[in-house]
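Subject: Structure for your files

Hello,

Below is the structure I said I would pass on. My notes on what I found in it follow directly after.

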Amino acid sequence: MTTISDFISNDRDRIFSQLSELVAFNSVHNEPGLEEEPKKAAQWVQAAFTEAGFDIKAIETADGSTAIVGSKPGDAAKPTVLLYSHYDVVPVGNVEAWESDPLTLTERNGRWYGRGAADCKGNVVMHLAALRALEQAGGTDLNLKVLIEGSEERGGNGLSQLIEDRPELFAADAILIADGGNTKVGQPTLLTSLRGGAQINVQVDTLAAGVHSGSFGGAAPDAAKALMRTLDSLTDEYGRTVIDGVDCARTWDGAPYPREDFRGDALLLDGVDIMGTEDDAIADMVWSRPAVSVTGFTSTPVAEAVNAVAHTAQANLNVRVPADMDSAEVAEAVKAHLENHVPWNAHIKVTILEVNRGFSTDPNKPAAKTLGDCLAEAYGKETIQSGMGGSIPLTVELQEAHPNAEIALFGVEEPLCTIHSANESVDPTEIEHIAIAEALFLQRYTK
């Protein structure tokens, strides 16, 4: 522990340098004008893990992304551990919203800012730091594999097809997925469940065309209002999700999510209420119950407003489903609910665009327990168990390909990172502590 901890503490300049180089690539998959950036990032990752002693292959996948896959054999009688992360990022977005260049890793108030600094390039360099520390401490006799993909933020379809076509590449006893993080800085956390989800499009039509509001307003049904009323039926008076035929009152039995922490993490404005009542625990609402968010709404744009009754309106819904619920069944229930609650006999069309399943893991199995113990030792406090609202379809695909593999979820992405937003950042101490824990795990893990 001391050797590994001291090495990583003294390795911060190298960690910063590597993360700076990787953040500089605007590696958005399948983005017009950025075609060379993911290629450069993939080449960087390939070179870095080759230097770490892995036999690396760069595999072009079905969606055009490059997966970096490698192995470092140990004792054939010992377990195999696969390390996962991804080098692609979401688009920078509005550059004016950033306080510093999003492609230049910048230190400010003890944090490092840049697109991908946390999600997920910070996890890539965490793996590299852990491997350097492990080597310095005498290495491991485990058989190691690495998988760093290049299209996770755009669905990861290339990797999904590769897992289906060549499952042997990813065969392992334990799979460490570094694409999550702690509930807060300094609180070691094992992620034991991921919500599944669905994307749903809703269209409501009331008139053949927009009609003059002066002549017909008041009696002619407004499609925008009809859609708003339909969507509002998915929420009760306290803001809690309601879906006909679905249990939306389940409770979470892991670590709680303090209300004040949530208020800060979710960036609530002063005075704005948290959904639910005081009796509704935050952890219940974000990890154990379905949630429906309106992620897009279209009728007449404000800039194009005319004095007419809207004849059509659309919305996109993002549905989040707890790991122990069937995402497809919940999506169908949402569809039926909307169809049954549209007012005024308006015409409604509900299309389920996409469904993905949730994932849960047993924290008492050997790999998860060992990782939890190593996290606790690295941070000097007890590891807690938490859920994560996001979905990682890869977990289900790897579990189906290798049913006996243990999958553990962790990483450097705590709430203050504001991943996917402007001014994404990472706390360097999180990279260091997670790297210490991973290095300890690779020393100690046995089946």
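Trp 287 is buried, at a relative accessible area of 8%; buried means under 20%, exposed over 50% and partly exposed in between, with a 1.4 Å probe and protein chains only. The model is predicted, so local features need pLDDT of at least 70 and side-chain atom pairs count only at pLDDT 80 or more, while totals for chains, interfaces and linings use all residues. Residues are numbered from 1 along each chain as its sequence is written, and side-chain values use heavy atoms, with hydrogens and water left out.

Trp 287 belongs to a cluster that ring pairs form with Trp 252, Tyr 257 and Phe 262. Rings of Phe, Tyr and Trp (for Trp, its six-membered ring) pair if their centres lie within 6.5 Å; planes under 30 degrees apart count as stacked, over 60 as edge-to-face and the rest as tilted. By this rule there are six aromatic pairs. One of them, Tyr 257 with Phe 262, is edge-to-face, with 5.5 Å between centres and 80° between planes. Both partners are buried: Tyr 257 has a relative accessible area of 18% and Phe 262 one of 17%. Tyr 257 also pairs with Trp 287; the centres are 5.6 Å apart and the planes at 20°, so this pair is stacked. Because Tyr 257 sits in the loop between helix H7 (223-232) and helix H8 (259-265), and Trp 287 in helix H9 (residues 282-288), the pair ties together parts 30 residues apart in sequence. Helices here are DSSP runs (H or I, at least four residues), numbered from the N terminus.

Next, a helix packing. Helix H11 (residues 366-379) packs against helix H13 (residues 428-444) at about 135°, with the axes 8 Å apart. Axes are lines fitted to C-alpha atoms over the stretch in contact, and angles run from 0 to 180 degrees between N-to-C directions. H11 and H13 are therefore oblique to each other (under 35 degrees is roughly parallel, over 145 roughly antiparallel, 65 to 115 roughly perpendicular, the rest oblique). Residues in the contact include Leu 371 and Leu 375 of H11, and Ile 434 and Phe 441 of H13; contact means heavy atoms within 4.5 Å.

Last, Ser 327, which lies in helix H10 (residues 327-341). Its relative accessibility is 1%, so Ser 327 counts as buried. Leaving aside residues up to four places away in sequence, Ser 327 touches Gly 196, Gly 197, Val 321, Val 355, Asn 356, Arg 357 and Gly 358.

Regards

Notes:
Helices (H or I, at least four residues) and strands (E, at least two) are DSSP runs, numbered from the N terminus.
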